[in-house]
Amino acid sequence: MANNNIKEGDRSPKIILHELTGSTVEVLLYGAQVISWKNERREEILFMSNKAVWKPPKPVRGGIPICFPQFANFGTLEQHGFARNRLWLLDDDPSPLSPANNQSSADLLLKSTEEDLKTWPHRFELRLRICVSAGKLTMIPRVRNVDNKAFSFTLALRNYFSVSDVSEVRVEGLETLDYFDNMSKRERYTEQADAITFDGEIDRVYLSTPTKIAIIDHEKKRTIVLRKEGMVDAVLWNPWDKKAKAIPDLADEDYKTMLCLDAAAVENPINLKPCEEWKGRQELSIVSSSYFSGQLDPQKVINGLH
C-alpha cells in the first residue's frame with residue numbers, strides 16, 4: 001500500500017490506483033466506495049450524479065457503493081445497510097490474500113463498532129480488495145464472523161455504469177430468469193425478453209443469475225461485462241424521469257446516462273457460523289466493439305470469446 005497515492009478529498013481521504021496502460025481507479029476511505037474508473041483512453045466507465053453530495057453521512061450517488069449487511073430494505077436496517085456510511089481502514093493484513101503492495105491494488109477493512117452493535121448485534125470484519133488492470137476492475141469482498149454466534153446478511157456491489165443513452169443500450173445474460181419486481185411489491189415474474197431494453201423505470205432483483213452479464217452500448221462502441229462469484233443474484237435499476245425528479249442528489253436528466261447492474265446476494269441471505277468467512281468476487285471488464293469489426297457480437301461476449 002505504500003506506493004499508492006492517498007489524497008485528502010472533500011469527503012475523506014482518497015486512494016488513487018494506477019496500472020501500466022494508464023487506467024486509474026479512485027476509492028474513498030469513507031464507505032470504501034469506488035468513485036471513478038477510467039480506462040487507458042481516460043474514458044470514465046462509472047456514472048456519478050451531477051448533484052452528488054460529498055459530505056457525510058449522505059452516501060455518494062454513483063460509483064460503486066457496497067451494500068452491507070442489508071441490501072435495499074430487505075430487513076430492518078437503514079436502506080442498503082451501514083457499510084457505505086462508515087470510515088474504513090487500510091488493511092495491512094488481508095490474510096489469506098497476500099498483501100497488496102503495488103500501485104494497482106488496495107485492501108480496505110471495516111470492523112463492527114459498539115454503535116453498530118446497537119442496531120445490528122453481530123461482530124464482523126468486512127474486507128474489500130480493489131484491483132485495477134488493463135481494461136479490468138476486480139473487487140473481492142470478504143465477511144468474517146468474529147462473534148460467538150451465527151449471523152446472516154445480504155450484500156450487493158451497486159455498480160453505477162455510465163451509458164450513452166439508457167433507452168439505446170441492452171442487457172444480455174438475464175433471459176428466461178425469474179426476478180423480484182420491487183415496483184410490484186416484490187412479485188415474482190419470469191423474464192420473457194430475449195434481451196432487456198429500457199423505456200421506463202426498472203427495479204428488479206434477478207435470481208440465480210449466470211456468472212457473466214453484459215451491458216451492450218453501441219453508441220459508446222463498448223460492452224461492459226460483469227463476471228461474479230459468490231453473489232448469485234443481479235439487480236437492475238434505473239429510476240427514469242419521474243422518480244429521478246424526486247431524488248434530491250440526482251439531476252433530472254441523469255437517469256438517461258446511467259444504469260445500475262449489481263452483483264448481489266439477496267434472495268438467500270448468507271449464513272456464517274463463528275470464525276467462518278464468506279468471499280465473493282466481481283470482475284468488470286470492457287470489450288471494445290472494434291474487436292468485432294464494428295459489430296458487437298453479444299454471444300461472444302457472454303461466452304467469453306473475446
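Me: Contact means heavy atoms within 4.5 Å. With that cut-off, which residues does Asp 249 touch, not counting residues up to four places away in sequence?

Reply: Leaving those neighbours out, Asp 249 touches Ser 49, Lys 51, Ala 52, Val 53, Lys 58, Pro 59 and Arg 61. The model is predicted: local features need pLDDT of at least 70, side-chain atom pairs count only at pLDDT 80 or more, and totals for chains, interfaces and linings use all residues. Residues are numbered from 1 along each chain as its sequence is written, and side-chain values use heavy atoms, with hydrogens and water left out.

Me: Where in the chain is Asp 249 found?

Reply: Helices (H or I, at least four residues) and strands (E, at least two) are DSSP runs, numbered from the N terminus. Asp 249 sits in the loop between helix H2 (240-246) and strand E19 (258-272).

Me: Is Asp 249 buried or exposed?

Reply: Buried is under 20% relative accessible area, exposed over 50%, partly exposed in between (1.4 Å probe, protein chains only). Asp 249 has 2% relative accessibility, so it counts as buried.

Me: Which side chain does the side chain of Asp 249 join in a polar contact?

Reply: A polar contact is a pair of N or O atoms within 3.5 Å; within protein, one must be able to donate a hydrogen and the other to accept it, and residues adjacent in sequence count only if both atoms are side-chain atoms. The partner of Asp 249 is the side chain of Arg 61, at 3.2 Å.

Me: How should I read Arg 127, and where is its place?

Reply: Look in strand E8, residues 124-133. Arg 127 is buried, because its relative accessible area is 8%. Its side chain makes polar contacts with the side chains of Asp 91 (2.8 Å) and Glu 125 (2.7 Å). Leaving aside neighbours within four places in sequence, residues in contact with Arg 127 include Trp 88, Asp 93, Pro 94, Leu 108 and Arg 144.

Me: How many aromatic pairs does a search of the whole structure find?

Reply: Rings of Phe, Tyr and Trp (its six-membered ring) pair if their centres lie within 6.5 Å; planes under 30 degrees apart are stacked, over 60 edge-to-face, the rest tilted. The search finds 14 such pairs. In one of them, the ring centres of Phe 153 and Trp 278 are 5.8 Å apart and the planes are at 75°, so the pair is edge-to-face. Phe 153 lies in strand E10 (residues 151-157) and Trp 278 in strand E20 (residues 277-279), so the pair links distant parts of the chain, 125 residues apart. Both Phe 153 and Trp 278 are buried.

Me: Which residues do ring pairs link into a cluster?

Reply: The cluster holds Phe 68, Phe 82, Trp 120, Phe 124, Phe 151, Phe 153 and Trp 278.
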